[in-house]
Amino acid sequence: MSRVYNFSAGPAVLPEEVLKTAASEMLDYHGCGMSVMEMSHRSKMFDDIIKTAEADLRELLSIPDDYSVIFLQGGAHLLFGGIPMNFLHKKAGYIITGQWAKKAYKEAAKQGEAVVLASSEDETFSYIPDCSDLPITDDMDYVYICENNTIYGTKYHTLPNTKGRPLVSDVSSCFLSEPMDVTKYDFLYAGVQKNVGPAGVQIVIAKKDFLTDDVKPYTPDIMNYKLMAEKESLLNTPPCYGIYICGLVFKWLKEMGGLEEMGRRNAEKAKLLYDFLDQSKLFKGTVRKEDRSIMNVPFVTGDKDLDAKFVAESKEAGMENLKGHRTVGGMRASIYNAMPRAGVEKLVEFMEAFEKANS
């Protein structure tokens with residue numbers, strides 16, 4: 001069977017070149033006679049893998065020396081709880097732009113005073129609220145955002161004015177899709193299963209002087225981010241194979257021309273799809289134009305039966321995982337780095353034909 005065009009929001013499509021390299025090295029990594037998933041995390045071989053991955057990531061993002069890079073196990077849900085364990089002492093501000101920011105806020109509220117600074121829930125998270133003058137107070141330990149909202153297809157194109165308070169951001173579904181200035185953040189993290197690797201790995205990039213020993217007394221060591229940084233992600237057995245795949249993706253990104261080139265390609269792919277949606281009489285996007293994501297594109301026909309027909313027929317045509325999230329309905333195309341332009345072109349051609357057949 002040939003490969004499909006996989007529009008899944010995550011776990012998501014990975015570059016074929018990366019998968020082929022991983023397949024070729026599955027039984028024998030660089031002549032060591034074993035797979036990466038079999039080798040000790042304390043071995044020289046794996047030490048080279050994780051250190052090279054970090055060095056390549058630092059190069060891609062121009063991460064300065066006063067920032068730590070940490071490879072962690074677990075999904076974003078673990079950080080929803082871990083962030084307030086580490087950093088919530090007095091109060092924290094949360095901007096609610098989707099389901100994941102809302103879940104993060106609820107986890108923080110279990111541990112201390114969490115304040116909702118702004119929300120777009122009134123319109124099913126279809127826009128990013130004005131964050132230029134939020135009710136941020138000097139006693140807030142941090143301001144938290146989810147930068148790209150996978151379910152709802154929105155993206156912060158301007159970061160909030162935090163009024164000098166530290167910015168903490170979940171960048172899972174936009175990570176490495178375009179250049180970003182990490183110095184604007186005090187703590188950012190990404191679940192790699194959207195754009196970088198297999199589920200089970202979290203990458204944290206944090207300002208070293210933001211990391212603290214003053215964590216809540218019940219914080220497990222593997223959720224103490226300063227300790228994990230000091231141990232160079234090796235306090236415990238890390239998700240070795242996942243980190244190896246991330247490292248291959250970092251190499252692939254560099255070979256493709258880095259994040260400037262990737263951002264150009266992603267913007268081009270997104271424009272193809274949005275341009276069609278903007279002139280279509282059947283399909284419509286669900287997001288305010290100025291807040292659109294270039295990674296996740298939700299759209300609807302307005303007819304649930306027609307939406308279901310579209311999803312079924314697109315699957316038959318070799319396009320998988322186009323069904324939208326239950327809270328939005330309709331369809332969603334996630335067009336991450338590894339989605340080729342040809343996949344978006346095929347989707348648009350299919351949408352054109354579907355519209356003609358169902359008008």
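Predicted model: local features only at pLDDT ≥ 70, side-chain atom pairs only at ≥ 80, totals over all residues.
Biologist: Which residue forms a salt bridge with glutamate 147?

Modeller: The partner is lysine 155, and the closest N and O atoms of the pair are 3.5 Å apart. Lysine 155 has a relative accessibility of 8%, so it also counts as buried under the 20% cut-off.

Biologist: How many salt bridges does a search of the whole structure find?

Modeller: The search finds 28. One of them joins the side chains of glutamate 121 and lysine 102, at 2.6 Å from N to O. This pair links distant parts of the chain: lysine 102 belongs to helix α4 (residues 99-109), glutamate 121 sits in the loop between β4 (113-119) and β5 (140-146), and 19 residues separate them. Glutamate 121 is partly exposed at 39% relative accessible area, and lysine 102 is partly exposed at 27%.

Biologist: Which residue meets arginine 288 in a salt bridge?

Modeller: Aspartate 291 does, with 2.8 Å from N to O. Arginine 288 is partly exposed, at 37% relative accessible area, while aspartate 291 is buried at 8%. Elsewhere, salt bridges with shared partners connect Glu261, Arg264, Arg265, Glu268, Arg341 and Glu345 in one network.

Biologist: What describes a pair of aromatic rings?

Modeller: Two quantities do: the distance of the centres and the angle of the planes. The structure holds 18 aromatic pairs. In one of them, phenylalanine 87 and phenylalanine 187 have ring centres 5.3 Å apart and planes at 65°, so the pair is edge-to-face.

Biologist: Where do phenylalanine 87 and phenylalanine 187 lie?

Modeller: Phenylalanine 87 is in helix α3 (residues 76-87) and phenylalanine 187 is in strand β9 (residues 187-191), so the pair ties together parts that are 100 residues apart in sequence. Phenylalanine 87 is buried at 3% relative accessible area, and phenylalanine 187 is buried at 0%.

Modeller: A further aromatic pair is formed by phenylalanine 283 and phenylalanine 310; the centres are 5.3 Å apart, the angle between the planes is 70°, and the pair is edge-to-face. Phenylalanine 283 is in the loop between α7 (258-279) and β11 (284-285), and phenylalanine 310 is in helix α8 (residues 304-316), 27 residues apart. Phenylalanine 283 has a relative accessible area of 1% and is buried; phenylalanine 310 is buried too, at 0%.

Biologist: Which residues do ring pairs link into a cluster?

Modeller: The cluster consists of Phe276, Phe283, Phe299, Phe310, Phe350 and Phe354.

Biologist: Turning to the sheet, how do strands pair?

Modeller: Strands of a sheet pair through backbone hydrogen bonds, in a parallel or an antiparallel sense. Here seven strands form an open sheet with mixed pairing, in the order β2-β10-β9-β8-β5-β3-β4.

Biologist: Which strands stand at the edges?

Modeller: β2 (67-73) and β4 do; each has a single partner strand, so one side of each is left without a neighbour in the sheet. On average, neighbouring strands of this sheet are turned by 20° against each other, direction ignored.

Biologist: In which sense do β8 and β9 pair, parallel or antiparallel?

Modeller: Strand β8 (residues 167-170) pairs with β9 in the parallel sense, over three bridges. Serine 169 stands opposite leucine 188 in β9.

Biologist: Which strands does α3 touch?

Modeller: Helix α3 packs on the sheet and touches β2, β3 (91-96), β5, β8, β9 and β10 (201-207). The direction of α3 makes about 160° with that of β9.

Biologist: How many residues does helix α2 have, and which of them are buried?

Modeller: Helix α2 (residues 44-61) has 18 residues. From its first C-alpha to its last, α2 reaches 26 Å, close to the 26 Å expected at 1.5 Å a residue. The buried residues of α2 are Phe46, Ile49, Ile50, Ala53, Asp56, Leu57, Arg58, Leu60 and Leu61.

Biologist: What do the buried residues of α2 pack against?

Modeller: They pack against β2, β10, α6 (240-256) and α7. Just after α2, serine 62 has a positive phi of about 50°.

Definitions and conventions
Residues numbered from 1 in each chain as written. Heavy atoms only, no water. Salt bridge = Lys/Arg side-chain N within 4 Å of Asp/Glu carboxyl O. Helix = DSSP H or I, 4+ residues; strand = E, 2+ residues; numbered from the N terminus. Buried < 20%, exposed > 50% of the residue type's maximum accessible area, 1.4 Å probe, protein only. Phe/Tyr/Trp six-rings, centres within 6.5 Å; stacked < 30°, edge-to-face > 60°. Pairing = 2+ DSSP bridges. Axes fitted to C-alpha atoms, helices over the stretch in contact; angles between N-to-C directions. Contact = heavy atoms within 4.5 Å. Expected span 1.5 Å × (residues − 1).
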